[in-house]
Amino acid sequence: MKRFLSIVVLTAMMAFTSLAVVRTASAEDVKMVGVISKIEMAADGKSATAILKDNKSGESVPILITDDLTLDKFKDKRIVEGDEIRCKFEKVDGKNNSKIFKKTAGC
């Protein structure tokens, strides 16, 4: 009986972890390298929108940035228009929310 119960518990745990992994991977993460064509800071300074021109496709992609480190780099002019950026973003509700946003040469 104990062996049967432990098999059932182990199977349930494996099913739960596989569902958790699938759910995390279902968010659409996109990696991109491109040149900044425009940076717009929000009036409150807590977010910014950067428009990147994708090196592969050539299309312009707006990226919403909310992390303080990147916003400080915008304010200090360490990241400016014309810089080549490597970013990773997540598409949520039609917006591209930045996860990683840094210069290809480092910054």
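Q: How many residues of the lining of the largest pocket are nonpolar, polar and charged?
A: Five are nonpolar, two polar and five charged. This is a predicted model, where local features need pLDDT of at least 70 and side-chain atom pairs 80 or more, while totals for chains, interfaces and linings use all residues. Residues are numbered from 1 along each chain as its sequence is written, and side-chain values use heavy atoms, without hydrogens and water.

Q: What makes Val30 and Lys31 part of the lining of the largest pocket?
A: Lining residues have an atom within 4 Å of a pocket point (a pocket is an open set of points on a 1 Å grid where a 1.4 Å probe fits, with protein on both sides within 12 Å along at least five of seven lines). Both are on the list, along with others including Phe89 and Lys91, so both meet that cut-off. Strand β1 gives the most, with four residues.

Q: Why are β1 and β4 called paired strands?
A: Two strands (DSSP runs of E, at least two residues) pair if DSSP finds at least two bridges between them. Here seven bridges join β1 (residues 29–41) to β4 (residues 84–92), running antiparallel, so the pair qualifies. Asp29 stands opposite Glu90 in β4.

Q: What joins β4 to β5?
A: Eight bridges do, again in an antiparallel run; Val92 has Lys95 as its bridge partner in β5. The two strands form a hairpin with two residues between them, and Asp93 in the turn has a positive phi of about 55°.

Q: What is the mean pLDDT of the protein chain?
A: The mean is 87, and 90% of the residues reach 70 or more, on a confidence scale from 0 to 100.

Note on methods: pLDDT is the predictor's confidence in each residue, from 0 to 100. Ala, Val, Leu, Ile, Met, Phe, Trp, Tyr, Cys and Pro count as nonpolar, Asp, Glu, Lys and Arg as charged, and the others, Gly among them, as polar.
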